[in-house]
Amino acid sequence: MGELYNPFPKLPKNIRQIGERDQSVRLYLEDYVNTYLKRLYPRGGQDLRVGILLGNVEEHDGTPYLFVDGAMEMEEVTESGEKVTFTEPAWKKVYQAMEQMFPKRVILGWFLCGVPGSTLSPLNYWKEHGQYFAGKNQLMYLNSGLEGEEAVYITSEDGFYKLRGYSIYYERNQMMQDYMILRKDARRVESGSGDTVIRDFRQRMEDNKIQAVSRRGTIRVLGSLCSALSVVVLAGGVVMFNNYEKMREMESVITSALPVAAGEKDNPAALPGDELYGSYKDYSNTGEGDELLIEEAHGKISPTTEPATMSPTYPGETESEGGDINAITPAPTMNPEETPQEGSSETATQPESPAAAATTNEQKTYTVQDGQTLYSICLEVYNSLNKVDEICALNNLESQDKIISGQKLILP
């Protein structure tokens with residue numbers, strides 16, 4: 001009884017000993033397998049029924065423990081006169097059935113069940129055993145059918161010999177039950193309870209079928225959701241791309257409408273309007289915020305000058321010395337390439353645009369540069385858009401948007 005409490009290998013608790021205990025090899029045969037082999041007699045003119053034994057092997061302190069919990073018959077391997085011939089199609093078929101009915105099991109040997117009254121000898125099958133079941137601890141189970149007479153042989157380090165006994169253990173062996181039902185041997189194995197076993201088996205098969213259909217339905221739903229999600233993502237990408245193009249177009253329009261600050265004509269990377277709004281001051285209380293903001297951005301008004309004491313100065317005009325706001329006189333025009341003479345007290349209020357031509361007391365001519373619009377010219381010259389209509393009238397322009405590079409405009 002000491003082996004029942006051995007932590008390794010894990011032995012079943014419900015065991016029945018058959019014969020004497022062998023010290024070299026410990027064989028444990030599951031009760032369903034044992035009953036199946038004893039009741040598996042040839043029928044329909046057969047002389048022999050042959051199959052394989054399945055299970056697992058564990059070893060402890062040099063002693064192998066063989067646990068057989070499956071037995072599966074092989075088709076088309078027997079011939080008349082109790083002869084056995086293994087073929088490649090037969091092996092292929094049995095390996096496929098193993099994966100389905102007895103997963104994670106290995107072949108531990110084979111069995112031969114004869115008709116009642118026959119005498120099966122291991123010497124008649126020694127050649128097949130050495131060829132197809134070579135190796136250590138491979139079993140040969142013989143059932144001659146004489147009142148349950150049976151014998152188990154095994155190959156070991158000592159050779160090929162008959163086991164003196166083995167153990168039968170009991171457990172829930174669902175794999176073997178299902179196999180016997182498929183082979184229509186369940187009524188032989190469990191007389192009186194075959195209907196219950198078959199009903200349970202069919203119920204499990206039906207449950208497995210329902211689960212398989214449910215899984216296929218779930219997979220189809222997930223596939224549809226993935227397809228719909230792909231369409232949504234694609235549509236979102238198209239919308240984002242269209243919005244990006246519209247933003248680029250709006251940016252171009254805003255850029256053309258803003259005045260070009262000094263030094264930005266040679267630096268296209270500079271953002272128009274940065275200098276214009278870079279030094280903003282709050283003039284909302286004075287009512288002059290817009291004009292003073294533009295004046296300050298162009299350097300005409302010091303950011304620290306109080307708005308209440310200043311009046312706007314426009315290009316081409318300067319205040320009179322007396323400080324009279326209404327007395328405005330034209331400011332001298334300075335060529336951008338010229339610089340004031342040293343010691344001269346004359347200073348320019350602001351350099352004109354490089355494209356500006358010679359001015360008169362009331363009107364002047366302006367040459368349109370590449371990329372300029374009528375709005376940007378008004379903002380540059382007057383810091384206001386109030387002169388757009390007047391410029392169109394002076395130059396007989398049909399539209400405020402139709403000006404071209406190099407065109408000469410008369411400015412009021």
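Visitor: How many helices and strands does the protein have?
Guide: The model is a predicted one. Its chain of 412 residues has 35% counted as buried. As for helices and strands, the protein has 10 helices and 16 strands.

Visitor: Among contacts between residues at least 6 apart in sequence, what percentage join residues at least 24 apart?
Guide: The count concerns contacts in the protein between residues at least 6 apart in sequence. The part of them that joins residues at least 24 apart is 60%.

Visitor: What share of the accessible surface belongs to carbon and sulfur atoms?
Guide: The accessible surface of the protein comes to about 25800 Å². Of this surface, the share of carbon and sulfur atoms is 52%.

Visitor: Which residues does Leu112 touch, not counting residues up to four places away in sequence?
Guide: Leaving out residues up to four places away in sequence, Leu112 touches Leu48, Arg49, Val50, Val84, Leu120, Tyr125, Met140, Tyr141, Leu142 and Asn143.

Visitor: Which residues do ring pairs link into a cluster?
Guide: The structure holds 16 aromatic pairs. Through such ring pairs a cluster is formed by Phe86, Trp91, Tyr95, Trp110, Tyr125, Tyr132 and Phe133.

Visitor: Over the face of which residue does Lys387 lie?
Guide: Lys387 is placed at 5.8 Å from a ring centre. The ring in question belongs to Tyr382.

Visitor: Which residue forms a salt bridge with Glu20?
Guide: The structure holds 5 salt bridges. In the one formed by Glu20, the closest N and O atoms are 3.9 Å apart. The pair links distant parts of the chain, 144 residues apart: Glu20 is in the loop between strand 1 and strand 2, and its partner is in the loop between strand 10 and strand 11. That partner, partly exposed with a relative accessible area of 49%, is Arg164.

Visitor: Are Glu73 and Arg49 buried or exposed?
Guide: These two residues form a salt bridge, with the closest N and O atoms 2.8 Å apart. Glu73 lies in strand 4 and Arg49 in strand 3, so the pair ties together parts that are 24 residues apart in sequence. A residue counts as buried under 20% relative accessible area. Glu73 has 8% and Arg49 has 2%, so Glu73 is buried and Arg49 is buried.

Visitor: How many residues apart in sequence are the parts tied together by Arg105 and Asp69?
Guide: Arg105 forms a salt bridge with Asp69, and the closest N and O atoms are 3.0 Å apart. Arg105 is partly exposed, at 22% relative accessible area, whereas Asp69 is buried, at 5%. Because Arg105 lies in the loop between helix 2 and strand 7 and Asp69 in strand 4, the parts tied together are apart in sequence by 36 residues.

Visitor: Why is helix 4 largely enclosed by the rest of the structure?
Guide: Helix 4 covers residues 174-182. Its buried residues are Gln174, Met175, Met176, Gln177, Asp178, Tyr179, Met180 and Ile181. Helix 4 is therefore largely enclosed, the number of buried residues being 8 of the 9.

Visitor: Where is Glu149, and which residues does Glu149 touch, not counting residues up to four places away in sequence?
Guide: Glu149 is in the loop between strand 8 and strand 9, and is partly exposed at 45% relative accessible area. Its C-alpha atom is separated by 9.7 Å from that of Thr119, 30 residues apart along the chain. Not counting residues up to four places away in sequence, Glu149 touches Leu142, Asn143 and Ser144.

Visitor: What is the phi of Lys104 near?
Guide: Lys104 is found in the loop between helix 2 and strand 7, and is exposed with a relative accessible area of 78%. Its phi is a positive value in a residue other than glycine, near 60 degrees.

How values were computed:
Residues numbered from 1 in each chain as written. Predicted model: local features only at pLDDT ≥ 70, side-chain atom pairs only at ≥ 80, totals over all residues. Heavy atoms only, no water. Helix = DSSP H or I, 4+ residues; strand = E, 2+ residues; numbered from the N terminus. Buried < 20%, exposed > 50% of the residue type's maximum accessible area, 1.4 Å probe, protein only. Contact = heavy atoms within 4.5 Å. Areas by Shrake-Rupley, 256 points an atom, 1.4 Å probe, with all protein chains shown as cover. Phe/Tyr/Trp six-rings, centres within 6.5 Å; stacked < 30°, edge-to-face > 60°. Lys NZ or Arg CZ within 6 Å of the ring centre and 35° of its normal. Salt bridge = Lys/Arg side-chain N within 4 Å of Asp/Glu carboxyl O.
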